[in-house]
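Please look over the sequence and the model below.

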Amino acid sequence: MCFSKDEKYLYAASNAGSIIVWDVHHQRVLLTWKEHLSQCTALSSMDNPATGQHILVSGSNDTKIKIWDLRSKSSASTLRGHDKPITDVKISSSANQQYNDLFLVSSATDCYIKTWDFKSCKQISQLRHGSSSVQTLGILTNEKKLISGHSDRHLRIWDLNKSKILSTTPSDS
């Protein structure tokens, strides 16, 4: 579950793969999208203030990532690149960033982190360290750094420009 950045909409995912868009102000369901084939496991949202566009990205156990535009009744794009269930998706967002410079980051139980160009929906890079699946992601957009939490109970900080690990820390220390 997540809110749109302006907090007008609440996005909720279901075990059946549906995504429900809730209008917070009017307290009603605005849309229900049903395109994922299994449990939706990750959501991330972004608003484009220049166009008023509300964007949502979802990841699922069906291994697909979908980009949704609130103005549409179906997904705008489907990204394929992971071969195991998606664990997290994040959209870069920064006040200094232009809409065309946005990127997505996804992780899955296949142990890969993938970065995607938002506009073209093409994969930019692929990161991997060992055989531990990636459970969660965080983006430090202004620094082009990524933090990943892994099933081996370690946090890793990545330099996205160089596609390399800067540091590794046990998460239970």
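Arg156 lies in strand S15, residues 154-159. Strands here are DSSP runs (E, at least two residues), numbered from the N terminus. This is a predicted model, in which local features need pLDDT of at least 70, side-chain atom pairs count only at pLDDT 80 or more, and totals for chains, interfaces and linings use all residues. Residues are numbered from 1 along each chain as its sequence is written, and side-chain values use heavy atoms, with hydrogens and water left out.

**Arg156 and its surroundings**

Arg156 is buried, at 3% relative accessible area. The classes are buried under 20% relative accessible area, exposed over 50% and partly exposed in between, with a 1.4 Å probe and protein chains only. The Arg156 side chain makes a polar contact with the side chain of Asp152, at 2.7 Å. A polar contact is a pair of N or O atoms within 3.5 Å; within protein, one must be able to donate a hydrogen and the other to accept it, and residues adjacent in sequence count only if both atoms are side-chain atoms. Beyond four places in sequence, Arg156 has contacts that include His129, Leu146, His150 and Thr168. Contact means heavy atoms within 4.5 Å.

Pro170 is in strand S16. Leaving out residues up to four places away in sequence, Pro170 touches Arg153 and His154. Arg153 itself sits in the loop between strand S14 (145-150) and S15.

**The open sheet**

Four strands make up an open antiparallel sheet, ordered S13-S14-S15-S16. The edges are strand S13 (134-140) and strand S16 (164-170); each has a single partner strand, so one side of each is left without a neighbour in the sheet. On average, neighbouring strands of this sheet are turned by 20° against each other, direction ignored. Axes are lines fitted to C-alpha atoms, for helices over the stretch in contact, and angles run from 0 to 180 degrees between N-to-C directions. S13 and S14 are antiparallel and joined by six bridges. Two strands pair if DSSP finds at least two bridges between them. Ile139 has Leu146 in S14 as its bridge partner.

**Nonpolar cores**

The largest nonpolar core has 16 residues; among those touching the most other members are Val57, Ile65 and Phe118. Such a core is a set of buried Ala, Val, Leu, Ile, Met, Phe, Trp, Tyr and Cys residues joined through side-chain atoms within 4.5 Å. Elements giving two or more residues to this core include strand S5 (40-48) and strand S9 (86-91). S9 supplies the largest share, three residues. A second, separate core of twelve residues includes Cys2, Val21, Trp33 and Leu43.

**Cysteines and accessibility**

Cys121 is in the loop between strand S11 (112-117) and strand S12 (123-128). Its phi is near 60°, a positive value in a residue other than glycine. Arg153 also has a positive phi, near 65°. The count of disulfides is zero. A disulfide is a pair of cysteine sulfur atoms within 2.5 Å. The closest cysteine sulfur to that of Cys121 belongs to Cys40, 17 Å away, which is too far for a bond.

| Residue | Relative accessible area | Class |
|---|---|---|
| Cys111 | 8% | buried |
| Cys121 | 19% | buried |
| Pro170 | 35% | partly exposed |
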